[in-house]
Amino acid sequence: MHSSSLSTSSPITSSSHPLQPYGWDADWEAEFAPYTEQGCLPGRVVRVDRGQCDVVTADGVVRADTAFVTPHDPLRVVCTGDWAAVDPEGGNPRYVRAYLPRRTAFVRSTSSKRSEGQILAANVDHAIVAVSLAAELDLARIERFLALAWESGAQPLVVLTKADLVPDPVTLAHLVQDVETAAPGVPVLSVSAEQGEGLDVLAAVVSDSTAVLLGQSGAGKSTLANALLGEDVMGVQAIRDVDGKGRHTTTTRNLLALPGGGVLIDTPGLRGVGLWDAGNGVDQVFAEIAELAEQCRFHDCAHRSEPGCAVLAAVDSGALPERRLESYRKLMRENQRIVAKTDARVRAEIRKEWKRRGAIGKAAMEAKRGGLR
């Protein structure tokens with residue numbers, strides 16, 4: 001097992017509150033004060049499905065309607081991890097009236113032609129990227145996950161699962177080193193849930209915090225979740241030997257309490273992880289390229305063929321792997337496209353709104369003129 005730059009989160013301050021194990025603290029309590037005056041109960045959303053959600057409150061888990069927190073903007077819908085204001089007991093149905101402003105949000109782009117964002121989890125402290133050692137490492141995909149994780153505001157963590165399938169410690173050390181090269185500033189752990197190796201370190205890192213578990217199908221997320229939870233909560237499917245892939249075990253995002261304090265949000269296997277306005281996240285994943293770029297002769301250097309390019313010089317000298325530069329270029333191009341599409345969609349919606357208001361104004365003027373006749 002290997003780790004770097006690991007640190008546990010600070011303890012939650014509001015220890016007397018029954019929601020403390022789920023992340024409730026003095027700051028959340030202060031923000032919730034206006035809703036307390038309205039008679040609402042605080043709770044954390046543990047699952048969302050079919051226009052309703054499960055919310056854990058001081059009185060237990062409440063099933064509530066989400067009609068008031070399901071706007072047209074997919075980034076503003078209530079999601080797993082939100083802190084919600086729920087109707088008191090007696091209402092039928094009970095509603096989630098609002099949710100508190102998010103501290104962090106894990107967002108990816110959808111596959112729709114509208115290029116909308118999709119929020120996967122809210123108020124996350126650690127983003128655990130699970131990568132199976134049963135298949136060949138895809139460093140570019142790891143970099144993609146990490147860009148989204150950094151952009152969310154959470155602290156990324158790469159967990160190499162099924163380490164027992166790599167019995168040679170030298171080979172395992174090389175694999176860890178490869179991932180560390182692709183993940184500067186990110187802790188990398190090798191873990192075997194089957195044999196219990198590395199789980200104590202991982203459990204200590206996510207204790208008293210909110211962690212989201214991310215990765216492809218077959219990455220071992222459900223097995224890892226069960227190991228952290230100390231019980232068989234998530235079903236586990238067998239993996240195809242050919243390519244190391246499995247079927248989607250988790251079909252919804254579920255927030256589960258960890259035995260040592262804190263919570264874990266398990267997510268379905270993600271086939272696609274499109275970037276969503278993640279320019280800062282990409283820069284953090286490729287921090288060494290950002291540092292080299294500051295030494296380029298031209299401040300707007302594209303790192304293609306410009307004279308005095310420090311990035312290209314680093315590639316030529318072998319200090320920067322060419323694969324890293326190609327991955328950086330690909331993610332930057334993708335992110336620029338999604339930002340441009342989003343800006344275009346926003347402008348179109350603004351124009352549509354202007355036309356609507358103009359039509360209303362014109363109708364009002366005509367009605368006024370008619371009344372003066």
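**Close-up views of a predicted model**

Leaving out neighbours within four places in sequence, aspartate 65 is in contact with Gly51, Gln52, Arg94, Tyr95 and Val96. Keep in mind through all these views that this is a predicted model.

**View 1. Aspartate 65, a buried charge with no salt bridge.** Aspartate 65 belongs to strand S3, which covers residues 60–65. Which side chain of opposite charge is nearest to aspartate 65? That would be arginine 63, and it is 8.9 Å away. A salt bridge needs the side-chain nitrogen and the carboxyl oxygen within 4 Å. Aspartate 65 has no such bridge, even though it is buried.

**View 2. A six-stranded open sheet with mixed pairing.** Now look at the sheet and follow its strands across: the order is S10-S9-S8-S11-S13-S12. Which strands stand at the edges? They are S10 (188–190) and S12 (254–257), and each has a single partner strand, so one side of each has no neighbour in the sheet. From one strand to the next, the twist averages 25°. If you're wondering what holds such a thing together, strands of a sheet pair through backbone hydrogen bonds, either parallel or antiparallel.

**View 3. Strand S13 and its two partners, S11 and S12.** S12 and S13 (residues 263–266) run antiparallel and are joined by four bridges. Which way do the residues of S13 point? Val263 and Ile265 go one way, Leu264 and Asp266 go the other, and all are buried.

**View 4. Helix H5 packing on the sheet.** Helix H5 takes in residues 221–229. How many strands does it touch? Count them off: S8 (126–132), S9, S11, S12 and S13. The direction of H5 makes about 165° with that of S13.

**View 5. Leucine 213, buried in strand S11.** Strand S11 runs over residues 210–214, and leucine 213 is part of it. Is leucine 213 buried or exposed? Its relative accessibility is 0%, so it counts as buried. Setting aside residues within four places in sequence, its contacts include Ile128, Ala130, Lys221, Leu224 and Ala225, along with Leu264, Ile265, Asp266 and Thr267. Leucine 213 and arginine 253 are 40 residues apart in sequence, yet their C-alpha atoms are 9.7 Å apart in space.

**View 6. Serine 327 and its polar contact with glutamate 143.** For the last stop, move over to helix H9 (residues 322–372), where serine 327 lies. Serine 327 has a relative accessible area of 9%, which means it is buried. What does it touch, not counting residues up to four places away in sequence? The answer is Ala140, Glu143 and Phe286. The side chains of serine 327 and glutamate 143 are joined by a polar contact of 2.5 Å. As for phenylalanine 286, it is 41 residues from serine 327 in sequence, and 9.2 Å from it in space, C-alpha to C-alpha.

Methods: Residues are numbered from 1 along each chain as its sequence is written. This is a predicted model: local features need pLDDT of at least 70, side-chain atom pairs count only at pLDDT 80 or more; totals for chains, interfaces and linings use all residues. Side-chain values use heavy atoms; hydrogens and water are left out. Helices (H or I, at least four residues) and strands (E, at least two) are DSSP runs, numbered from the N terminus. Buried means under 20% relative accessible area, exposed over 50%, partly exposed in between (1.4 Å probe, protein chains only). Lys and Arg count as positive and Asp and Glu as negative; His and the chain ends are not counted. Contact means heavy atoms within 4.5 Å. A polar contact is a pair of N or O atoms within 3.5 Å; within protein, one must be able to donate a hydrogen and the other to accept it, and residues adjacent in sequence count only if both atoms are side-chain atoms. Two strands pair if DSSP finds at least two bridges between them. Axes are lines fitted to C-alpha atoms, for helices over the stretch in contact, and angles run from 0 to 180 degrees between N-to-C directions.
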